[in-house]
Amino acid sequence: MPESTNVLFEAVLQLPEEERLSLVSRILDTMPDQDVTTCVDDPDLLVELERRFADPEGAIPWSELRAEG
């Protein structure tokens, strides 16, 4: 990731949660429909995320996933 993106990301993390969510929503709105496969408001996604958070044994650390990418 370019340094400018990292700087922007760190700045966004300083925003209140509501503003970060609004920003994410606005960014997703700029994506072409065919590239957006899951909506953050999708009830099935929320159920799946809750299931995964409840079962930390099956979790893969972000560092491992990032290394695979």
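Ser25 has its place in helix H2, where helices are DSSP runs of H or I with at least four residues, strands are runs of E with at least two, and both are numbered from the N terminus. At 38% relative accessibility Ser25 counts as partly exposed, the scale being that buried means under 20% relative accessible area, exposed means over 50%, and partly exposed lies in between, with a 1.4 Å probe and protein chains only. The C-alpha atoms of Ser25 and Asp41, which stand 16 residues apart along the chain, are separated by 10.0 Å.

The model is predicted, so local features need pLDDT of at least 70 and side-chain atom pairs count only at pLDDT 80 or more, while totals for chains, interfaces and linings use all residues. Residues are numbered from 1 along each chain as its sequence is written, and side-chain values use heavy atoms, with hydrogens and water left out.

### Overall make-up

The secondary structure comes to 4 helices and 0 strands, and from the N terminus on the elements run α-α-α-α. Of the 69 residues in the protein, buried residues make up 1%. The protein exposes about 6500 Å², of which carbon and sulfur atoms supply 57%; accessible areas come from the Shrake-Rupley method with a 1.4 Å probe, and for residues only the protein chains shown count as cover.

### A nonpolar patch

Val24, Leu28, Met31 and Val40 make a nonpolar surface patch of about 300 Å². Patches are made of residues with over 30% relative accessible area and no salt bridge, like charges being joined within 9 Å and nonpolar side chains (Val, Leu, Ile, Met, Phe, Trp, Tyr) within 5 Å. Met31 is found in the loop between helix H2 (17–29) and helix H3 (43–54), and with a relative accessible area of 36% Met31 is partly exposed.

The structure holds 2 salt bridges, a salt bridge being a side-chain nitrogen of Lys or Arg within 4 Å of a carboxyl oxygen of Asp or Glu. In one, the side chains of Arg51 and Glu48 meet at 2.5 Å, N to O, and both residues lie in helix H3, 3 residues apart, about one turn of the helix. In the other, the side chains of Glu48 and Arg52 meet at 2.7 Å, N to O; because Glu48 and Arg52 are 4 residues apart in helix H3, about one helical turn separates them. Glu48 is partly exposed at 26% relative accessibility and Arg51 is partly exposed at 46%, whereas Arg52, at 52%, counts as exposed.

### Two pockets

Rolling a probe the size of a water molecule over the atoms shows where empty space is left. A pocket is an open set of points on a 1 Å grid over the protein atoms alone, where a 1.4 Å probe fits and protein lies on both sides within 12 Å along at least five of seven lines; lining residues have an atom within 4 Å of a point. Grid points are joined across faces, edges and corners, and a volume is the space filled by probe spheres set on the points.

| Pocket | Volume |
|---|---|
| Largest pocket | about 230 Å³ |
| Second largest pocket | about 190 Å³ |

The lining of the largest pocket includes Arg51 and Arg52, together with Leu49, Phe53, Asp55, Pro56, Gly58 and Ala59, and divides into 4 nonpolar, 1 polar and 3 charged residues. Here Ala, Val, Leu, Ile, Met, Phe, Trp, Tyr, Cys and Pro count as nonpolar, Asp, Glu, Lys and Arg as charged, and the others, Gly among them, as polar.

The second largest pocket is lined by Met1, Thr5, Leu8, Phe9, Val12, Leu13, Arg20, Leu23, Val24 and Ile27, which divide into 8 nonpolar, 1 polar and 1 charged. Helix H1 (3–13) and H2 each supply at least two residues of this lining, and H1 gives the largest share, 5 residues.
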